[in-house]
Amino acid sequence: MDTVSIDFKKPCRVYFMGIGGVSMSGLAEILQKEGFSVSGSDAKESEFTEHLKTRGIRIYIGQRAENLSSPVDYVIYTAAIHPDNPEFREAKRQGIPMLSRAELLGQLMRCYGESIAVSGTHGKTTTTSMLSLILLAAKKDPTISLGGNLDAIGGNIRVGGSETFLLEACEYTNSFLSFFPTLEVILNIEADHLDFFKDINDIRCSFRRFVRRMPENGSLVIDNRIRDYREIVGDFKGKVVTVGTEAADYYPTDIRFDERGNAAFTPTEHGKALPRIQLCVPGEHNVYNALAALAACRLLGIPAETVREGLEAYRGTERRFEKKGEYRGAVIVDDYAHHPQEIAATLKAAKNYPHKALWCVFQPHTYTRTKALLPDFGKALEGADHVLLADIYAARETDTLGISSRDVAEAINADQPGKARYFGSFGEIEDYLDKVTEPGDLVLTMGAGDIFRVGEELLERAKTADVKK
């Protein structure tokens with residue numbers, strides 16, 4: 001079947017199925033600002049649907065065939081939309097041209113002089129955010145599509161000039177194989193999304209194909225700590241720059257942490273020291289995210305001092321070690337980590353953050369990930385002093401596969417008896433934390449679902465208590 005193409009010079013009527021997603025809402029806003037008439041639907045209301053409504057975009061809550069009763073020239077849909085979706089069936093019945101979100105992004109990338117795609121199992125949003133601030137400091141006027149909200153751009157999208165397009169490139173469902181970047185960043189490659197990929201070798205194969213999508217004059221930034229990273233590079237004829245260990249083109253030296261756990265380091269470029277960088281986000285993993293952003297920007301010809309300025313301006317992204325407030329003297333922090341490597345890195349960063357006891361309130365994300373990586377979850381979560389488990393956030397899945405959060409608790413307690421406890425509701429977790437936390441403790445809510453509500457509810461309780469006083 002021929003690929004459907006949109007002429008971005010001829011704005012028309014576009015309908016987004018799943019418009020409330022982070023990426024989809026951003027794309028909807030980009031097209032609206034380019035003169036397109038945009039509408040769409042989502043299964044439920046969210047901050048993104050509410051934001052789009054304020055921009056005059058018509059949003060339907062609930063996906064029904066009648067939503068497509070008005071004329072539409074193109075339909076864009078997410079990977080979460082299946083052929084049995086009533087809107088999908090209706091669009092097919094009407095013969096409306098349809099593109100996936102990834103196909104639209106790929107076509108949009110070709111409209112820019114340079115397209116930067118940041119990929120990897122984890123660290124994409126942070127690294128893309130760091131790159132965003134460097135490009136803004138360099139007056140590049142980039143168009144940006146982020147997987148989270150960044151205060152510096154007022155959300156998850158920025159519409160700039162036609163020269164530079166920056167986006168996250170997710171491997172799930174091979175969506176990044178629809179992209180056409182001129183510069184790629186590969187941060188890491190781990191086993192994940194095993195509801196789609198067969199195994200780690202299948203994932204590595206996709207990343208190899210991703211590299212091959214670049215033109216011969218393209219550039220690749222890749223972490224040399226990735227196992228057999230040269231196999232991922234393959235026969236790519238463009239410029240390859242490595243970050244990571246001392247054998248890489250770019251590596252950090254003299255890493256030190258301040259009293260808040262934020263790292264400072266001296267980046268080394270081809271053996272030469274660059275200006276020292278003081279990050280305003282915690283954790284050693286963010287040193288390597290910053291290093292990848294630095295390497296990419298040096299390929300773009302951005303001065304080292306401007307890179308430093310952009311990196312030091314980065315204060316974090318929503319749900320990335322985000323301090324939410326204090327509850328009776330205990331600090332509440334929220335983080336999106338949901339893969340064992342992310343969890344281990346975040347807990348390691350938390351160790352450098354001032355605290356007495358570290359309470360990790362974890363909500364596993366999807367049954368397939370929990371089942372496939374159960375031993376790794378158990379080991380990663382041992383980095384906390386206490387672990388409280390909420391029920392698995394099902395997301396797109398319906399089959400429990402016989403796995404539950406009790407299994408995660410048991411995996412932890414097998415090595416460290418009594419460290420982990422499972423609770424059947426957020427309310428039970430909140431009540432328990434209310435009893436056991438003390439001033440100076442750090443409560444870290446963690447997961448890609450809605451576990452952040454636990455911290456927010458505790459802070460709401462504190463406000464209520466203050467009012468009553």
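A residue counts as partly exposed when its relative accessible area falls between the buried limit of under 20% and the exposed limit of over 50%. Keep that in mind as you click through this predicted model.

**Stop one: two positive phi angles.** Select Asp141, in the loop between α5 (124-137) and β7 (143-150). With a relative accessible area of 36%, Asp141 is partly exposed. Check its backbone too: phi is positive, about 50°, although Asp141 is not a glycine. Most residues other than glycine have a negative phi. Now jump to Asn174, in the loop between β9 and β10. Here phi is near 60°, again a positive value in a residue other than glycine. Is Asn174 buried or exposed? Asn174 is buried, at a relative accessible area of 19%.

The structure holds eleven aromatic pairs, and Phe176 with Phe210 is a stacked one, at 4.3 Å centre to centre and 10° between the planes. Phe176 belongs to the loop between β9 (164-168) and β10 (183-186) and Phe210 to helix α6 (residues 200-212), so their contact ties together parts 34 residues apart in sequence. Both Phe176 and Phe210 are buried.

**Stop three: along α6.** Which residues of α6 are buried? Colour Ile203, Arg204, Ser206, Phe207, Phe210 and Val211.

Select Tyr172, Phe196 and Phe197, which ring pairs link into a cluster. Then look for charges over rings. The charged end of Arg110 sits over the ring of Phe180, 3.5 Å from its centre. Arg225 lies over the face of Tyr288, at 3.7 Å from the ring centre.

**Stop five: parallel strands.** Finish with strands β19 (residues 358-362), β20 (residues 386-389) and β21 (residues 420-422). β19 and β20 run parallel and are joined by four bridges; look there for Phe362 opposite Leu389. β20 also pairs with β21 in the parallel sense, over three bridges, and on that side Leu388 stands opposite Arg421.

Key. Residues numbered from 1 in each chain as written. Predicted model: local features only at pLDDT ≥ 70, side-chain atom pairs only at ≥ 80, totals over all residues. Heavy atoms only, no water. Phe/Tyr/Trp six-rings, centres within 6.5 Å; stacked < 30°, edge-to-face > 60°. Buried < 20%, exposed > 50% of the residue type's maximum accessible area, 1.4 Å probe, protein only. Lys NZ or Arg CZ within 6 Å of the ring centre and 35° of its normal. Pairing = 2+ DSSP bridges.
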